[in-house]
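Keep the sequence and the 3D view open as you go.

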Amino acid sequence: MNQPTDRKQRSRNKILDAALRTFKQQGYVGSGVDGIMEAAGMTSGAFYGHFSSKSDVLGEAFVHSFIEDQAAMNGALSECETPEQLIEIMQKYLSSKHCEQVEEGCSIPPLLSDLGRADAETKARFEEVIQWMVAQFQERSDNEFSRQEILATLALCFGGLSLARAVNSPALSRQILSACRKQLPIQKCD
């Protein structure tokens, strides 16, 4: 790879990382190009050499983060040999520790409402992520869990984590997470 192309790709990745951090901290609506570029340590003008708009960077940042999230999930899932181990992963997902790690944790809960208002292309990319997750869960559980149970589990995990992060009271946050863990559809394994 020649140096200018390599440098441009590194700059693009730096912007994507900064955008994702900024979106997770402030939400898509609360973020601006200036703030993203400041977080990247670059000038605002450089943004438009890589992206045409803030909505363009949302879709790219999500895909960029999912590649990292997917690698982490593959690592965790590769150790799953039984449906019970898959259940254990979902229980950990709904932990207070994960709840407190907004910037380091899964990208979906902090961006979920923004993804709901995203353009059709970004929504299509997100749909691919959900389809991939469902397929992975079915494969790792030897089809022990139905598609409906997996989708309900994902909805409970993403929504429950978002709700637990949205309240001010640590006690209520823990109660929300506990209630979600107890109601996970995939935990009902015979």
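Q: How far apart are N and O where the side chains of glutamate 60 and arginine 125 meet in a salt bridge?
A: A salt bridge is a side-chain nitrogen of Lys or Arg within 4 Å of a carboxyl oxygen of Asp or Glu. Side chains of opposite charge can pair when their charged atoms come close. For glutamate 60 and arginine 125, the distance from N to O is 3.2 Å.

Q: How many residues apart are glutamate 60 and arginine 125?
A: Helices are DSSP runs (H or I, at least four residues), as are strands (E, at least two), numbered from the N terminus. Glutamate 60 sits in helix H3 (residues 54-78), and arginine 125 sits in helix H7. The pair links distant parts of the chain, and its members are 65 residues apart.

Q: What sort of model is this, and how is it numbered?
A: Residues are numbered from 1 along each chain as its sequence is written, and side-chain values use heavy atoms, with hydrogens and water left out. This is a predicted model: local features need pLDDT of at least 70, side-chain atom pairs count only at pLDDT 80 or more, and totals for chains, interfaces and linings use all residues.

Q: Which element has the lowest mean pLDDT?
A: pLDDT is the predictor's confidence in each residue, from 0 to 100. The chain averages 86, and 96% of the residues score at least 70. Helix H9 (residues 170-183) has the highest mean among the elements, 96. The lowest mean, 76, belongs to H3.

Q: Is glutamate 60 buried, partly exposed or exposed?
A: Buried means under 20% relative accessible area, exposed over 50%, and partly exposed in between (1.4 Å probe, protein chains only). Glutamate 60 has 22% relative accessibility. Therefore glutamate 60 counts as partly exposed.

Q: Which residues are joined with Glu121 into one network?
A: Glutamate 121 forms a salt bridge with arginine 125, the closest N and O atoms being 3.2 Å apart. The two are four residues apart in helix H7, so about one helical turn separates them. Salt bridges that share partners join Glu121 into one network with Arg12, Glu60 and Arg125.

Q: Is aspartate 114 buried or exposed?
A: The side chain of aspartate 114 meets that of arginine 117 in a salt bridge (3.0 Å, N to O). Arginine 117 counts as exposed, because its relative accessibility is 57%. Aspartate 114 has a relative accessible area of 5%, so aspartate 114 is buried.

Q: How many salt bridges does the structure hold?
A: One joins glutamate 60 and arginine 125. Another joins arginine 117 and aspartate 114. The total is six.

Q: What is phi of asparagine 143 near?
A: Most residues other than glycine have a negative phi. Aspartate 142 lies in the loop between H7 and helix H8 (147-166), and its phi is near 50°, a positive value. Asparagine 143 is in the loop between H7 and H8 too. Phi of asparagine 143 is also positive, near 60°.

Q: How far apart are the C-alpha atoms of glutamine 9 and alanine 164?
A: Glutamine 9 is found in helix H1 (residues 3-26). Glutamine 9 counts as partly exposed, because its relative accessibility is 36%. Along the chain, glutamine 9 and alanine 164 are 155 residues apart. Their C-alpha atoms are separated by 36 Å.
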